[in-house]
Amino acid sequence: MYLLNNLLMTITADMGGWELFKNSLLPMITGGIKYTIPLTLIAFTAGLILALLTAVMRLSGSRLVRAPAIAYVSAIRGTPMLVQLFIVFYGLPSLNVTIDPFPSAIIAFSLNVGAYASEIIRASILSIPKGQWEAGYTVGMTHNTALRRIILPQAARVSIPPLSNTFISLVKDTSLASLILVTELFRRAQEIAARTYDFMLIYVEAAILYWVICFLLSLAQEAIERRLARYTAR
Amino acid sequence: MFLSIKGLAKAFGELEVLKDIDVSLEKGKVLSIIGPSGSGKTTLLRCLNALEQPSRGVFSFEDGLVLDFEKKISKQDWLRLRRKSGMVFQSYNLFPHKTALENVTEGPIIVQKRDKTEVQEMAERLLDKVGLKDKMHLYPHQLSGGQQQRVGIARALAIEPELMLFDEPTSALDPELIGEVLGVIKDLANEGWTMVIVTHELHFAEQVSDEVVFMDGGYIVEKGVPEKVLKSPQEKRTQQFLQRILNP
């Protein structure tokens, strides 16, 4: 209560605070539109493709195919996101590979999402009853055709809620890209706060903007779930 | 002889489910397999569709396809074996994300790459035949168990198999829905389909079969015409089984 009170005072009682709030909106939203949202969308899409590939590799009968997938998932899940980001941006140049901040962020976030989402997709595939594979086989399908035509469409429905979770986490995690100089939403906030010393106001403003983005995304999630649920009685 | 099976055996690890099965099947005839659960009857059926890989034994088909399971079997031969038969499952296993019609057209269009309009017409004919023409655009969850199983039969027929396999097709159904499914299977028998049916419906087996096989413990205990096996069985185990089913 005390905190909230102080916050309200900062924003409303002092009209200068309100002005600052309004003036900061544009740079932050610009950062969001130019970097936060594209970074999220690109990394999520690339991550999903990577995840699907990894999940299918992990379900393979061959150990040789499974092993790299298992190692990749283990390495990504066992190390902090921030460290991965730093390795790509600050580490690779010492191997003479220099990548700009934004592409660095895309690479690191895609790899990260790929590992986490692959576990979700793998579990979803495993949740589809064995009889569905067999029904596919009996109409003449190979393993790959049954996977593509019968199993994955059903697994997709199962995986939407957990994948949405990953997606929304990703939106917020992109704020880490501020530490490798990507001028996304939070980096803009930091810049303004450093100039005005109005930390509380600016960071709460950034938090609200993230919240709005995530809220809109959760509406989209519900729409997708409804669409994919059309063939099941609920 | 459409198919003759010699010395078929199947083990899951240590557990021998089928021990030494000899049975043959004539074109246009109906073979019913009865027996207690765990007797191996479903496994036998699944071996015919390559859903299980037999451990030993030989399948010889009329058209010259011979599979000796002690030797390595090529991928093509597995596929040839599988494509000989259509399978109807106890729990239907319809594709829940596809309509009744799409369930039927999936195999012919996607796997067999047949002409779409032709397949569409054929699928409608098949669904009409099983009495579901007016339901063809519904999803499986909108259909009753009996209707789902009839879609399952149409789906199996659509790939134009030489042999139809039924794995306890009515065991998951409410009693009042059993008749509609058995009716469809009887029609197929009258049309001259070659069929193998695993069932607990003895009365139905008697009406529809040319031959009945009683299995227990991985062996065929007794086989013969339905009147003989079901009405005056020679083997003690067959008598006991029938006794238990008829007078529970």
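Predicted model: local features only at pLDDT ≥ 70, side-chain atom pairs only at ≥ 80, totals over all residues.
## Annotated spans of chain A

An unreviewed UniProt entry places the annotation "domain: ABC transmembrane type-1" on residues 33–221 of chain A. In the model, that stretch is 81% helix and 0% strand, with its end C-alpha atoms 20 Å apart.

The unreviewed entry also carries the annotation "transmembrane region" for residues 35–57, 69–92 and 200–220 of chain A. Residues 35–57 of chain A are 100% helix and 0% strand, and 32 Å separates the end C-alpha atoms. Residues 200–220 of chain A are likewise 100% helix and 0% strand, here with 30 Å between the end C-alpha atoms.

## Nonpolar cores

The largest nonpolar core holds 101 residues, and the members touching the most others are Ala105(A), Val104(B), Leu127(B), Ala154(B), Leu165(B) and Val196(B). Helix α5 of chain A, residues 101–127, makes the biggest contribution to this core, with eleven residues.

Setting aside residues up to four places away in sequence, Ala154(B) touches Val104(B), Leu126(B), Leu127(B) and Val130(B). There is also a second, separate core of nine residues, among them Met28(A), Ile192(A), Ile202(A) and Leu209(A).

## A buried arginine in chain A

Arg157(A) sits in helix α7 of chain A, which spans residues 143–173. Arg157(A) counts as buried because it has 20 C-beta neighbours inside 10 Å. Beyond its neighbours within four places in sequence, Arg157(A) is in contact with Leu228(A) and Ala229(A). Leu25(A), 132 residues away along the chain, has its C-alpha atom 37 Å from that of Arg157(A).

## Where the chains meet

The contact draws 17 residues from chain A and 21 residues from chain B. On the side of chain B that touches chain A, α2 (75–84), β6 (85–88) and α3 (100–111) of chain B each supply at least two residues. The most comes from α3(B), with four residues.

## A four-stranded sheet in chain B

Chain B has an open sheet of four strands in the order β2-β1-β4-β5, with antiparallel pairing. The edges are β2 (15–25) and β5 (66–68) of chain B; each has a single partner strand, so one side of each has no neighbour in the sheet. On average, neighbouring strands of this sheet are turned by 15 degrees against each other, direction ignored.

Strand β4 of chain B, residues 56–61, pairs with β5(B) in the antiparallel sense over three bridges, and Phe59(B) stands opposite Leu67(B) in β5(B). Helix α1 of chain B, residues 41–48, lies across β1 (3–12) and β2 of chain B, at about 65 degrees to β2(B).

## Two positive phi angles

Most residues other than glycine have a negative phi. Asn93(B), not a glycine, has a positive phi of about 55 degrees. Asn93(B) belongs to the loop between β6 and α3 of chain B and is buried, because 25 other C-beta atoms lie within 10 Å.

Lys113(B) is not a glycine either, and has a positive phi of about 55 degrees. Lys113(B) is in the loop between α3 and α4 (116–129) of chain B. With 9 C-beta neighbours inside 10 Å, Lys113(B) counts as exposed.

Terms used
Residues numbered from 1 in each chain as written. Chains lettered and ligands numbered in written order. Buried ≥ 20, exposed ≤ 12 C-beta atoms within 10 Å, placed from the backbone. Contact = placed C-beta atoms within 7 Å. Core = buried A, V, L, I, M, F, W, Y, C linked by C-beta atoms within 7 Å. UniProt positions renumbered as here; feature names shortened; annotations may be inferred. Pairing = 2+ DSSP bridges. Axes fitted to C-alpha atoms, helices over the stretch in contact; angles between N-to-C directions.
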